[in-house]
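Colleague: I have a new model open and would like to talk it through. Shall we go step by step?

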Amino acid sequence: AFLAWETRNVTIPELNDSKLIAFSIYTVTMLCVIGVPVVTLQDNLPDIAYIITSFVILTSSTLTVSFVFLPKLIQMKKVGADGEVVISTARRTGHNNTTQPTALNS
């Protein structure tokens, strides 16, 4: 959370992940706020408590990884109109800090 706060005003879109990290923290917090009381109420049923705990852990970690890395993968790999795979953040041109798309032969 500290790094997300420190990099919140970065102008390079590839490095500005603070909103996604904040959304991931919010999701984990909400799953814990809901999951912990439910597990606490299920003290007499350890199997149900184990299933709920596993669900909260797996869901929160999967959603966190998806929120942070899935947009980067989608942005990085785009298919051009002619069927070529275009990597949009592969090479900087040096003029106005813009990116030059690089085509990969599949």
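This is a predicted model: local features need pLDDT of at least 70, side-chain atom pairs count only at pLDDT 80 or more; totals for chains, interfaces and linings use all residues.

Modeller: Along the sequence, its protein chain runs α-α-α-β-β-β.

Colleague: How do helix H2 and helix H3 run, roughly parallel or roughly antiparallel?

Modeller: H2 covers residues 18-41 and H3 covers residues 46-76. Their axes lie 9 Å apart, at an angle of about 175°. Angles over 145 degrees count as roughly antiparallel. The two helices are therefore roughly antiparallel.

Colleague: Of the residues in the contact of H2 with H3, how many are charged?

Modeller: On the H2 side the residues include Leu20, Phe23 and Val28. On the H3 side they include Ile52, Val56 and Pro71. The contact holds 14 nonpolar and seven polar residues.

Colleague: Is threonine 27 buried or exposed?

Modeller: Threonine 27 sits in helix H2. Its relative accessible area is 13%. Buried means under 20%, so threonine 27 is buried.

Colleague: Which residues does threonine 27 touch, not counting those up to four places away in sequence?

Modeller: Threonine 27 is one of the H2 residues that meet H3. Leaving out residues up to four places away in sequence, its partners are Leu63 and Phe67.

Colleague: What share of the 106 residues counts as buried?

Modeller: Threonine 27 is buried. For the protein chain, the share is 14%.

Notes
Residues are numbered from 1 along each chain as its sequence is written. Side-chain values use heavy atoms; hydrogens and water are left out. Helices (H or I, at least four residues) and strands (E, at least two) are DSSP runs, numbered from the N terminus. Buried means under 20% relative accessible area, exposed over 50%, partly exposed in between (1.4 Å probe, protein chains only). Axes are lines fitted to C-alpha atoms, for helices over the stretch in contact, and angles run from 0 to 180 degrees between N-to-C directions. Angles under 35 degrees count as roughly parallel, over 145 as roughly antiparallel, 65 to 115 as roughly perpendicular and the rest as oblique. Contact means heavy atoms within 4.5 Å. Ala, Val, Leu, Ile, Met, Phe, Trp, Tyr, Cys and Pro count as nonpolar, Asp, Glu, Lys and Arg as charged, and the others, Gly among them, as polar.
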